[in-house]
Amino acid sequence: MWVKRLQHRRVLFVFHLAFVFIALGAALTHYFGREGYIHLREGEENNVVIDNRGFLVERLPFDVTLVEFKVENYEETNAVKDYISHIRIEGEDIDISMNNIYWSKGYRFLQNSYDEDLRGSTLGVIYDPWGLVVTYLGYILMMISGVVWVISRDSFFRQVIDSKNISKRYAMPICVVVGLFVVYWIVKYVIGWSEGSLPPVLMSPLLFIHIVIIMSAYGLLAVFFIFGVIGLIKIDKQKEMMRYGKALLYPAVILLAIGIFVGAIWASISWGSYWNWDPKEVWALITLLVYLYPIHYKIDEAKRFHAFAIIAFLTVLITYFGVNYLLGGLHSYA
């Protein structure tokens, strides 16, 4: 950041500083946070938090009572819609379910698993008051500065958009491709919800935000790929396609980065951790790193730039098709 003199470009400086906050927050979580599980049976009190090996992590400064555990199904089906633990802490009745966590005195409680007889529940317990705050501050700074960076007057994206030489005939195809990516996933989600086939973890408003942002990024990268193909086939269009490709690259990368971190927030709420090294997560990160290359290391030769656009799109294909149909993981439903 200092070598590139980003301190003189405030928006870019804040955008990169955001990643410093995210890394610092992760370090605070790792070294000072505590994580474990508490097992509850209906009508019984407990305050013992244990780890995966069954060892004592700590005793909570208050007792937790499981009033009732309930599995909620979609209407007229046996498909599970949600897992709900009705608990009581210091006289307060609380419902904890998938994507619905509870905070108390710095502790976060989230639904983890349940007993086979449906009379007991296991809640994840996380104590991380500082790491969470610093990490979320990094997310907020990254999202705001990223959007401002793309739309600011001195950005390459704005320079191309505001150029009098820009061809309007490319605007509609770009909107159509990006729209198809986004609409496909929204329709898929709505159909899944109406048919009662969505797993409980997907019943979150963050899902819409995550999907719309990620698929918008993939749509832009698909157009970036198409411009690369046109640039290699039509010699007279090489420079023009390179200019448009560069303009699309910046918002695509910003959207991809924001989408990944919105997914991390969703994962933190649903699974208790931002990152699980799931195949989809890893390949999304690889895709981001690949497309960051021409932003940090300029590719000025048109043929090389278009070749990069074509080859780099393989990471998008692997992230979607390769992971979904071959590798599986937490995102096997995607």
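These are my notes from looking through a predicted model of one chain.

**Ground rules**

I number residues from 1 along each chain as its sequence is written, and side-chain values use heavy atoms, with hydrogens and water left out. Since the model is predicted, local features need pLDDT of at least 70 and side-chain atom pairs count only at pLDDT 80 or more, while totals for chains, interfaces and linings use all residues.

**Whole chain**

I started with the secondary structure and got 8 helices and 8 strands. Those are DSSP runs numbered from the N terminus: helices are H or I with at least four residues, strands are E with at least two.

Next I looked up burial: of the 334 residues, 46% count as buried. Buried means under 20% relative accessible area, exposed is over 50%, and partly exposed sits in between (1.4 Å probe, protein chains only).

The accessible surface comes to about 17,900 Å², and 64% of that belongs to carbon and sulfur atoms. Areas like this come from the Shrake-Rupley method with a 1.4 Å probe; for residues, only the protein chains shown count as cover.

I also checked contacts, meaning heavy atoms within 4.5 Å. Among contacts between residues at least 6 apart in sequence, 64% join residues at least 24 apart.

I compared helix lengths with the expected span, which is 1.5 Å times one less than the number of residues. Helix 1 (residues 10-32) has 23 residues and should span 33 Å; its end C-alpha atoms are 32 Å apart, which agrees. Its buried residues are Leu12, Phe15, Ala18, Ile22 and Gly25, and these pack against helix 2 (129-151) and helix 6.

So I went to helix 6 (residues 238-271). Its 34 residues reach 46 Å from first C-alpha to last, close to the 50 Å expected. Why call helix 6 largely enclosed by the rest of the structure? Because 27 of its 34 residues are buried. Just after helix 6, I noted glycine 272 with a positive phi of about 90 degrees.

**Strands and hairpins**

I count two strands as paired if DSSP finds at least two bridges between them. Strand 4 (residues 80-89) and strand 5 (residues 92-97) pair in the antiparallel sense over 6 bridges, with arginine 88 opposite aspartate 93 in strand 5. Their hairpin has 2 residues between the strands, and glutamate 90 takes a positive phi near 50 degrees.

Strand 6 (residues 102-104) is antiparallel to strand 7 (residues 107-114), over 3 bridges. I found tyrosine 107 in strand 7 as the bridge partner of serine 104. This hairpin has 2 residues between its strands, and lysine 105 in the turn has a positive phi of about 55 degrees.

Strand 7 also pairs with strand 8 (residues 120-127), antiparallel over 7 bridges, and arginine 108 stands opposite isoleucine 126 in strand 8. Here 5 residues lie between the strands, with leucine 118 in the turn at a positive phi of about 60 degrees.

Is threonine 122 buried or exposed? Threonine 122 is buried, at a relative accessible area of 13%. Not counting residues up to four places away in sequence, threonine 122 touches several residues, among them Tyr37, His39, Leu110 and Tyr114.

**Leucine 314**

Last, I looked at leucine 314 in helix 8 (residues 302-327). At 49% relative accessibility, leucine 314 counts as partly exposed.
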